[in-house]
Each structure stands twice: as C-alpha cells, then as structure tokens.
Amino acid sequence: MASKETYLGDVQDVNGTTVSITLSKSSLTGFVYIDGQGYRVGQIGSFIRIPIGYNDLFGIVSQVGASAKPENQVESEATGNRWMKIQLIGESQRNGVFQRGLSQYPTIGDEVHLVSEKELKSIYGQPDKPYFVKVGHISNADSIPALIDVNKLVTRHSAVVGTTGSGKSTTVASIINALSDNNRYPSSRIIMLDLHGEYGHALKDKANLYKINADVPKEKEMHIPFWALNFDELCEICFGEFNNEKDKNIVLERVQKYKNSSLAKYPKNGSSVDTLSVDTPIPFSIHNLWHELYLETFGTYYSKQAGRPIDNLAYELDTNGKELKGNPNEGITPIFKNVKNEKDDDEKINYLPGALNLGKHLLLLGSKLRIPRYNFIFRPGEWSPKGDGEVIRDLDSLLKDWIGSDKPATVLDLSGVPPDILQTTIGAVLRILYEALFWARNLSQGGRHRPLLIVMEEAHLYLNDDFKGMASKVVQRIVKEGRKYGIGAMIVSQRPSEINPTILSQCGTFFALRLTNATDRNHITSALPDNLDGLTSMMPILRTGEAIILGEAVKLPMRTFIEPPPKNARPDSQDPVVYDEVPLDESQNPGGWGIPMETNPNYEELIETWRAQSPKINKIIEDK
Amino acid sequence: MQRTSVSSSNVASVGYDPDSSTLEIEFNNGAVYQYFDVNENVYDELIKASSVGGYLATNIKGKYRFSRV
C-alpha cells in the first residue's frame, strides 16, 4: 500500500460515480507533508486516489463536511461532519498510464489517499510529446505544465467561456500563440473572427490581419465578394425579406441569368452552364442587375411609340437636355418622367406593363451600393466584377490569402462591418471556408490533410437562438460535421447561455474562466462532457487568468493558470483606466479621470472619426 | 517617425515631427501615442529632462490632446 502519510480515510458509500468517504482522525489536522511539501486536506477540486489491487482510481473532491454525508445515513456521533464527497473520473494501471473512464468501482472500506504532486505529474505530464501544447501550469503546482492535446482540441471543437475581464482574450491569444509556433507546427492553420479588433496587435507577428479601412502595409484590406455568397445570403444582404415567393423567384432567375452569361464568357474549371446553380460562386455584376431591375420596377415609357416599352423609357432630362439614365456602377438611380395621360396631349407616359413589385428592395440595395461602408462586399477590390463578370482575381486567391499564406494565422477584423449585415457576413465567411475545405477534402490543402481551426470571438452575438441567423446554421454544421473534414471551431463567449445549445453541446473541450452568472454557469454545466459538479461550482471563484480546462483535449480536468503571452503580444481588450493606480509620473496612461483634460478639447476630430468610420484621424503622422 | 530611446520608468522612446508639431511617445507597455501641436522646445526639454516620466506628467499630460496610434 502507498505511504501512510497520504492516507485520508475510507470509502463509506458508493452511488454511481459519486463516492462518500469519512476522513480519518489523523488526517484531521488538515495539513499533510509528503516529500517535504505541504498539502491541505479536503480542498474542493483537489484529486484523490483509491488504490484497488493493481489499479488506482482517481476522483475529484466535490463536497466536504456535514452535508457531504449520504442522505439516509443514520446520525452517528463517531463520524460527525467528517465527510467528503468525490466524483470518480478515471483510473490508472500500475504502469502509471492514466485513462478516463472506470473499469471497476471502489467498495466500502477501500482506502482513500491524497494525490501528491509527483503522482499528478505522471498523470498530467507528457511534455515531450509534440502533439501536446502547453498553455500554462496547474494552479497549485507550478512545476506541472498544463498540456492540451492538439488533435482533440481542433477536431472535437472547444469553447472558451468567462465573464468580461476574466482573461478570456488573453487565454485565446495564449492558445493561438502556442498553436502557431512555427517550429513545432510549421503548417498550422488558424483563422480568427475578431469582432472588436482586439487581436491584431497581439498576433501581428504570426498572423495576417485583414480589416476594413486597413492601415496598409501593417494590415490588409478585407474583401468578401458578394458573388461568393449563396442566394439566400445574397438576398439577406442586398434585399432583406421578400414579400412573396414570386418576387424572390424573379430575382433568383435574374441572378442565374447573369451568372450564366458570365460563365459562358469566362469559363471556370469545375462548373459549366449545365451544372450552374444560383448558389455557384460565379462573378457577376450586381450593379447592372440592380440597374436593370430598377428600370423594370420604376420605369415609365412613352406608350404611343412603336417598339417594346423597355426601349422607349421616359427618362427625365437634366438642364443640358441629357437623359438621366443613372449610373449602375455608382449606384445612381435613373429618374423617370411622371405618368401623363391628358386628353389633348399626344405624348402619353405610362408605367411599364407588368412592372416588378420590388421597389422597397431595390431602393435598399441602391443605397448600399452607394454607401462606402458596404464597399468591402459590393466593391471588393480586385474581386469586383466588371459588367460582363470579368474579375482580376478569383476566389482561389481570396482563400489563399486567408488560409494558404506563409503565416499560420489570419485575423479577420470584422469591427468595420455594418451591424445590420454582420450576422450574414460571418455566416458567409464561415460557409465559404467550410465549403472550400469540405470539397477539397482529398487535396493536400484540403481540410482533412491540413485542418483548420476557426476561432469565433464574441460568439453570442451571432450564434444566438433569437436570430434566424445564417451564422448559427453554418456553425451548427461545422460543429456537427466539421470533425470529419478537418474543420474545428473554438467558440469564445462571455454569455454562453445565449449560444445555441446544440453548438455548445458539440464542444469537446471547455476552457471555463471565471463565470459568475448562474444562468450561464448552468448552461455550461449541462453541456460539459464530464460529470463534475464540484469543479464547475468553482467557476465563480476563479482568479483572473485562471481556467478550468476539461473535456477531451486534457487527460484530467485541470485548474490551470494560463500563461499570458509576452507583454507586447496581448490582446487590446484591457479595461480603460479610470484612475491609474500608479503615480502620475510613472503612469503609462495619458488619460483617465485623474489627469486634467486639455484646454479647449477638439471635438471636430471626434466627429471626424465617426464620419470616417475609422478611429484614426488625418492628423496622425504615419510611418512611411 | 523616428523615436529616440529614453530611460524612464514608464516611457520607452520619444519622437518628434517638426513639420506638424507632433510628439510621439512610446510607453514601456508598447502603446504608442501622438500628442498634437506640441512646440519643439517642449520636446527638447522632454528628452533632456532628468525624469522623463516626471516632465511628461507635469508639462504634457493634460495639456495637449492626443491620439493612440
């Protein structure tokens, strides 16, 4: 039997995986020394070991004291309140290899022992295996690294949850930092959806940063060509809801026609006019489509003239007598003469026969084509199609930029995406990635041979049940099927209760940081892969930067101190300083309530940033 | 903008652009700020000051408007 000093007590009651033990008198001092190191007895969340023959069973302390007593235990003075409740989690053979799951149960009278740091090390530690990545160290044992199995982490999906300020972004940055270590993983592949632009600075050495209104050359301009969207996404972004199926079908048929003629003129490998569907990513001119539909919706024509009505449109004239035909490329609408039907006037003007009923939708799209904020999608740089569908760069170079570049990670900074299309944009980005890697599954750059980890920041904003969002649908598909095609999701959120439960329940690994809200905690507890009430009840009292990691990627649930990335590589999400704690002449903050403000503050520049939709004012001197 | 390293408990380096009167400060935590419309003599005094952090606190912070870059 193991050394006597680790002895805690005996098993009294076994109920499924819950074991109740009584503490022995000698362990009641509360402090035990093993190999010169002190251990406190009965710490919630600490490990215990139950030797059974040649095997050891391991468990976690979940409850200590009088209430840990089995319910129908007869009052007995001898044991009083010296009870402890344990959740069993796994066992190890005598050779020390730890496995999850149990092949046998303990029984009454079995001895229960404390787990010393040396034993813990043999359970947790295999730092020499390159598929384990270190993210920090075990909370009460600095010498034991917290190792995560990269295979399980990526393919079985993961979730990082925690209240604002609990160290979520630092944890994510730390994980990505470790995974994008070029020496160990020379072709790791990570893409991150960064909703608030927090990570650009933190990952600047390891990641390409794509952003709307990019600060070239540090960042690159983000483009998401509208023609890569499928029909539903396109409608969502361009037109909003249709009144009826008929209107939708008219647009569908028209998009198909445009794609057809574009493909006929610029053939692309893999698709032909016969197999083309309205969802196939083929470039076409949305500007021309809009203009054409606009004419057919709002147009008036000279009804007395011979020929087709559409050839006799009654455009209004400008002061020079030129017809105001509008300009499809700039989103400028044509202007038509009013309907005229007077008795003595020979010139009759009427609405087009069978005019389309798409007025509201086309006005909406027209404004989007004009507003620069939507340029990343409707005028996507070199991916902008000309009138006949010609593009300078095709989708392959877009994907190569995102997931095939020389850098292991890519950050898509979505902070500039207009909120009304954010959901759909994210859905579209994820679907583009998913489809590409899914269909390319046999290729060396496909998902099966070079898996992709997609990190989704602030996931509650777009994976919410309340929205009928595209993003939620795609992510459900990724978490359910992505495993087979090498697409892994890491879902990061401060409000897990707002995330679609299907998505959360598919996450195999959880990094649970401090989480105080009870609704959120229950949501997590119910989604956890392990039956560990004791551990999850610790979530409100975790320190900042401390996480409970549990699930498939770790051997045992572990309470971990996440090692923060180097100072210059931390995400930009620190709280603003209201009053700096260090004296003014040592403060690294130029602002805050403790410093008087400048005389005559400049609010012109404040508005400048808002109008420009960019936090950078013109006055800033850029490095050339 | 070229910045000169300074030894200070909070400031890492300081730069100045005379054309636009812009003073650039890099703090030890890596954050870079530009102060606008700062006279050149303020910059000269800043880099010569025995305590850069102290000079910054008394003569620049709260006097000039700034932006993070």
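**Notes on a predicted two-chain model**

1. Strand β3 (residues 31–34) of chain A runs antiparallel to strand β4 (residues 37–40) of chain A, and four bridges join the two. Strands here are DSSP runs (E, at least two residues) and helices are DSSP runs (H or I, at least four residues), numbered from the N terminus; two strands pair if DSSP finds at least two bridges between them. I34(A) has Q37(A) in β4(A) as its bridge partner. Two residues lie between the strands of this hairpin, and D35(A) takes a positive phi near 50 degrees there.

2. A word on conventions before going on. This is a predicted model, in which local features need pLDDT of at least 70 and side-chain atom pairs count only at pLDDT 80 or more, while totals for chains, interfaces and linings use all residues. Residues are numbered from 1 along each chain as its sequence is written, chains are lettered from A and ligands numbered from 1 in the order in which they are written, and side-chain values use heavy atoms, with hydrogens and water left out.

3. Chain A also has an open sheet of 12 strands with mixed pairing, in the order β11-β10-β23-β22-β21-β12-β20-β19-β13-β18-β14-β15. Its edge strands, β11 (145–149) and β15 (220–221) of chain A, each pair on one side only. At the β15(A) end, strand β14 (residues 207–211) of chain A pairs with β15(A) in the parallel sense over two bridges, and K211(A) has E221(A) as its bridge partner. Helix α12 (residues 470–485) of chain A packs on the sheet, touching β19 (452–456) and β20 (487–493) of chain A, and its direction makes about 140 degrees with that of β20(A). Contact means heavy atoms within 4.5 Å; axes are lines fitted to C-alpha atoms, for helices over the stretch in contact, and angles run from 0 to 180 degrees between N-to-C directions.

4. Now for the charged pairs. Over all chains, the structure holds 28 salt bridges, each a side-chain nitrogen of Lys or Arg within 4 Å of a carboxyl oxygen of Asp or Glu. One of them joins E552(A) to R156(A), with the closest N and O atoms 2.7 Å apart. This pair links distant parts of the chain, 396 residues apart: E552(A) is in the loop between β22 (546–551) and β23 (558–562) of chain A, and R156(A) is in the loop between α2 (150–155) and β12 (158–161) of chain A.

5. Chain B has an open sheet of five strands, paired antiparallel in the order β1-β2-β3-β4-β5. β1 (3–5) and β5 of chain B stand at the edges with a single partner strand each, so one side of each has no neighbour in the sheet. From one strand to the next, the twist averages 25 degrees. Four bridges join the antiparallel strands β3(B) and β4(B), with E26(B) opposite V32(B). Helix α1 (residues 40–48) of chain B lies across β1, β2 (11–17) and β3 of chain B, at about 155 degrees to β2(B). α2(B) lies across β2, β3 and β4 of chain B, at about 135 degrees to β3(B).

6. Finally, the interface. Chain B gives 27 residues to the contact and chain A gives 21. About 2100 Å² is buried between the chains, 53% of it from carbon and sulfur atoms; buried area is the accessible area (1.4 Å probe) that two parts lose on being put together, summed over both. K61(B), G62(B) and R65(B) supply 26% of the area that chain B buries against chain A, more than any other three residues. Two salt bridges are counted between the chains, and R65(B) meets E605(A) in a salt bridge (2.6 Å, N to O).
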